[in-house]
Amino acid sequence: MIYKNSITEDYESFVENVCRDKELRACDKGLLFTLLCLPEGESFNSQRLSDATAESAITIRHSLKRLIDKGYAERRLVRKNGSYFERVDIEIFNPPRTAG
């Protein structure tokens, strides 16, 4: 599921900051904006995003990893009743979180 509740700045500033980030590739920026267009709590996976875009599922997974590494997103594994894997939640942050 996708969560966008950590976006604290106005959306226009967020877009400008992402577009100016020279460490992100164009496909990373596109993925970030695509995720932001999904409804809050929407369920998704890399294959479904691949089917809806011109990018491969592998490219989407690599872009998501770069967004996580840069602090724009965080991935949380959710287990059902503490046992088996149920889903992955992605939260989008603005400003990006820094390591440490």
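This is a predicted model: local features need pLDDT of at least 70, side-chain atom pairs count only at pLDDT 80 or more; totals for chains, interfaces and linings use all residues.

I then checked the accessibility of D28 and found it buried, with a relative accessible area of 0%.

My count of salt bridges came to 7. Among them is the one between K70 and E23, at 3.2 Å, N to O, which links K70 in the loop between α4 and β2 with E23 in the loop between α1 and α2, 47 residues apart. K70 is partly exposed at 26%, whereas E23 is exposed at 58% relative accessibility. I noted that D21, E23 and K70 are linked in a network of salt bridges.

Next I turned to R76, which is partly exposed at 30% and forms a salt bridge with E74, the closest N and O atoms being 3.0 Å apart. The side chain of R76 also makes a polar contact, at 3.0 Å, with the side chain of E91, a residue of strand β3 that is buried at 12% relative accessible area.

For the nonpolar side, I found that the largest core has 18 residues, with F14, L32, L35 and I92 making the most contacts inside it. Helices α1, α2 and α4 and strand β3 each supply at least two residues of this core, and α2 gives the most, with 5 residues.

Last, I searched for disulfides and found 0; C19 is partly exposed at 43%, and C37 is exposed at 64%.

Terms used: Residues are numbered from 1 along each chain as its sequence is written. Side-chain values use heavy atoms; hydrogens and water are left out. A disulfide is a pair of cysteine sulfur atoms within 2.5 Å. Buried means under 20% relative accessible area, exposed over 50%, partly exposed in between (1.4 Å probe, protein chains only). Helices (H or I, at least four residues) and strands (E, at least two) are DSSP runs, numbered from the N terminus. A polar contact is a pair of N or O atoms within 3.5 Å; within protein, one must be able to donate a hydrogen and the other to accept it, and residues adjacent in sequence count only if both atoms are side-chain atoms. A nonpolar core is a set of buried Ala, Val, Leu, Ile, Met, Phe, Trp, Tyr and Cys residues joined through side-chain atoms within 4.5 Å. A salt bridge is a side-chain nitrogen of Lys or Arg within 4 Å of a carboxyl oxygen of Asp or Glu.
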